[in-house]
Amino acid sequence: MRDRVRDAFDKIRASQELKDRTAAFAAEEIHRRSRGKKILPIRRIISLAAALTVFLLGAGFLRSYYTVSAAISVDADASLKLEVNCFDRVISVEGYGEEGQALAEDLDLKHRSYRAALETLLNSRKLREQLSRDSAMEITVTGTDPEQAEEILQTASDDTEGSENIRCQAGNSLEAEEAAKAGLPLGKYRAYLELLELDPEITPEEVADLTMREIRSRIDALQGTAAQTESSAYTSDETEPSEAGSEPAESSSPAESQTGNSGNGQGQGHRNSSGENSGAGNQTCPRR
């Protein structure tokens, strides 16, 4: 730059020393002013930094918004899972099976509060029709924040108070993971575990095609069969000693039999007592 300035001043008629001094001064002044102009880029950097901060804060909010902190599994003839964030907003709705998927598509539940979503779901025409047919429904709540999960469970219990065929319960994260592996909603998975204890050959694939009412009916039927089997075994155990104790009485002498009959019916009373104890066993077994 100094050479260009010097070349320009060569055309002016003046002493060489004046030319050199003037050229040097001009070059220095231009350099100084060019350094002053760097203030604008610094301001731009500050503005960009501020914009970046706002962007990062917004990205952090979005990350928090789309982070699941609780889940609500609603299982009836149709099954749905609602995922909730820390702001109590529904951020995901997943339907299981054809009916569940259709119900998820029909209802606008995403980005609503879980309270509004539950109210809309429970008052939907399809679920009301299912409940009118005595269909069983289970609402299971899980969450990483115990306080939020408890609040959601309490809300669900309040909303379904008075409905005998709706059960609200708390789940845990381990069960939720196992349910996901089995391809079942949490409420149906827990019912499957109950059924599995009574029928070890049942598979998750079979349960997936059943409604909650059908699963509960199978559980009740198998529990009734188990109770009858236990009752029969108990009755048999009580009857055998009684029959064995009656043999000496039949082989006793007539005098002894007459004495027994005249003793206020003690011999007959013993047999009645055995019979009554067996009957009591039949009655108490189902309650065990």
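Tutor: We shall take the sheet and then the nonpolar cores. This is a predicted model, in which local features need pLDDT of at least 70, side-chain atom pairs count only at pLDDT 80 or more, and totals for chains, interfaces and linings use all residues. Residues are numbered from 1 along each chain as its sequence is written, and side-chain values use heavy atoms, without hydrogens and water.

Student: In what order do the strands of the open sheet lie?

Tutor: Strands of a sheet pair through backbone hydrogen bonds, either parallel or antiparallel. Here the order is β3-β2-β1-β4-β5, with mixed pairing. Strands are DSSP runs of E, at least two residues long, numbered from the N terminus, and two of them pair if DSSP finds at least two bridges between them.

Student: Why is one side of β3 and of β5 left without a neighbour in the sheet?

Tutor: β3 (90–96) and β5 (166–170) stand at the edges and have a single partner strand each, so one side of each lacks a neighbour in the sheet. β4 and β5 pair in the parallel sense over 5 bridges; Glu-138 has Arg-167 in β5 as its bridge partner.

Student: Which residues touch the most other members of the largest nonpolar core?

Tutor: A nonpolar core is a set of buried (under 20% relative accessible area, 1.4 Å probe, protein chains only) Ala, Val, Leu, Ile, Met, Phe, Trp, Tyr and Cys residues joined through side-chain atoms within 4.5 Å. Of its 27 residues here, they are Ile-72, Leu-103, Tyr-114, Leu-121, Met-137 and Ile-139. The largest share, 5 residues, comes from α5. A second, separate core of 14 residues includes Ala-191 and Tyr-192.

Definitions and conventions:
Buried means under 20% relative accessible area, exposed over 50%, partly exposed in between (1.4 Å probe, protein chains only). Helices (H or I, at least four residues) and strands (E, at least two) are DSSP runs, numbered from the N terminus.
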